[in-house]
Amino acid sequence: MEEIDIKSLNLKELTGILEDIGEKPFRAKQIYQWIHEKGAASYDDMTNISKQLKEKLKEHYPLTVLRQEMVQISKIDGTRKYLFALSDGNVIESVLMRYKHGNSVCISSQVGCRMGCRFCASTLDGKVRNLRASEMLDQIYRIGADIGERISNVVVMGTGEPLDNYDNLLKFIELLTDENGLNISQRNLTISTCGIVPKMRELAERKLQITLALSLHASSQEKRLRLMPIANKYDISEVLEACRYYFEQTKRRVTFEYSLVNGVNDTAEDAKELTALVKGMNCHINLIPVNPIKERDYVQPSSERVRDFKNKLEKNGINVTIRREMGRDIDGACGQLRKRYIER
Ligand code: SAH
């Protein structure tokens, strides 16, 4: 019998599986709630399920549970960076950020990444494999259990390109926002992409209420090409068109992420070009002073230069914020903790 990843099934699919082994639908609902609402780490935790059924489930439907390998806790702001081991021995990282408005978790969507953005540590060793829906969900469930608090916001901004793992991502979204699970509101979920245009359009057509964040990082096609290989495949104009389409379909304001790299994309000329590029769009720009990685010689602009860039955009009526840096004292940039761990 082929192994079924029970944590990646929706309630209907789970009900079907349990019916096949002679169980009633209400059982499926109980088990589903144990897995997704209560984040049970084992079948043994499911106190209202008979021993006999638990044994059957253990045998045929192993429960995907991530093992916490390491956690780094920031003394400055309480940010926690987790390293989790998957059942095949791969490791991934996730981050918990504590805000006044609630707990936010940043998850990985793949083991490694194949998009090759020049400033990013997650992509240096390429992609190993996609994460299953269950493995994306369990990052959130394990962190919630670790801190004993509710997680209210989720951002898919860790290692990996979520739209390069589209089908599993859709399943993840369905389960995360399901009323019988954690029931996280679609509005509290953000998917960040380097700009896989056809998938952005497909996602738009689903008319979900999730936030789409586009990693723009440049004010022209030519400059974007220098930082992001994906620009070879999709021109900046097509990517922006897909963002406009996303807004048309969902009425959700798109976020642009713009990592400021000293002398590369933070000049007055860049601010001017960027203003022209997003003119008339219902959007928000998030400026992120680049987090330097040792493999590349990209440097953060001074805070004065960052503020100056922000002011230039603001003067032109653009919604813009500077990303608050969290967990400054722990392995900062995305992918660095995992990389250091593997290298050891
Ligand atoms: N693949 C997706 C999501 C993962 S990266 C994407 O490209 O959007 C999450 C965000 O962090 C992206 O905007 C990415 O470009 C940015 N990022 C990656 N490495 C960074 C670094 N060293 N400094 C600043 N931002 C970085």
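**Close-up views of a predicted model**

Lys81 stands opposite Val95 in β3. The model is a predicted one, in which local features need pLDDT of at least 70 and side-chain atom pairs count only at pLDDT 80 or more, whereas totals for chains, interfaces and linings use all residues. Residues are numbered from 1 along each chain as its sequence is written, and side-chain values use heavy atoms, with hydrogens and water left out.

**View 1. Strand β2 and its pairing with β3.** Strand β2 covers residues 80-85 and strand β3 covers residues 91-99; strands (E, at least two residues) and helices (H or I, at least four) are DSSP runs numbered from the N terminus. The two strands pair in the antiparallel sense over six bridges, where pairing requires at least two DSSP bridges between strands.

View 2. Six of the six residues of β2 are buried, so the strand is largely enclosed by the rest of the structure. Relative accessible area (1.4 Å probe, protein chains only) is under 20% for buried, over 50% for exposed and in between for partly exposed.

**View 3. The hairpin of β1 and β2.** β1 and β2 pair in the antiparallel sense over six bridges, and Met70 stands opposite Leu83 in β2. The two strands form a hairpin with six residues between them. In its turn, Gly78 has a positive phi of about 80°.

**View 4. The ten-stranded sheet.** An open sheet of ten strands runs in the order β1-β2-β3-β4-β7-β8-β9-β10-β11-β12, with mixed pairing. The edges are held by β1 (67-73) and β12 (320-322), each with a single partner strand, so one side of each is left without a neighbour in the sheet. Neighbouring strands of this sheet are turned by 20° against each other on average, direction ignored. Axes are lines fitted to C-alpha atoms (for helices over the stretch in contact), with angles from 0 to 180 degrees between N-to-C directions.

**View 5. Helix α10 on the sheet and against α9.** Helix α10 (residues 303-315) lies across β10 (254-260), β11 (283-289) and β12, and runs at about 170° to β12. The axes of α10 and helix α9 (residues 268-278) come within 10 Å and cross at roughly 35°. From α9, Ala268, Asp270, Ala271, Leu274 and Thr275 make the contact, and from α10, Phe309, Lys312 and Leu313; contact means heavy atoms within 4.5 Å. By class, the residues of this contact divide into five nonpolar, one polar and two charged. Ala, Val, Leu, Ile, Met, Phe, Trp, Tyr, Cys and Pro count as nonpolar, Asp, Glu, Lys and Arg as charged, and the others, Gly among them, as polar.

**View 6. Packing of helices α4 and α5.** Helix α4 (residues 133-147) and helix α5 (residues 166-176) pack at an angle of about 45°, and their axes are 8 Å apart. In α4, Ala133, Met136, Leu137 and Ile140 meet Asn168, Leu169, Lys171, Phe172, Leu175 and Leu176 of α5. Eight nonpolar, one polar and one charged residues make up the contact of α4 with α5.

View 7. His217 has a positive phi of about 65° although it is not a glycine. Most residues other than glycine have a negative phi, and most peptide bonds are trans. The place of His217 is in the loop between β9 (211-215) and α7 (221-227), and at 5% relative accessibility His217 counts as buried. Lys251, also not a glycine, has a positive phi of about 60°. Lys251 is found in the loop between α8 and β10 and, at 58% relative accessibility, counts as exposed.

**View 8. Ser237 and Ser220.** Ser237 is found in helix α8 (residues 236-250). With a relative accessibility of 43%, Ser237 counts as partly exposed. From C-alpha to C-alpha, Ser237 and Ser220 are 9.0 Å apart in space, and they are 17 residues apart in sequence.
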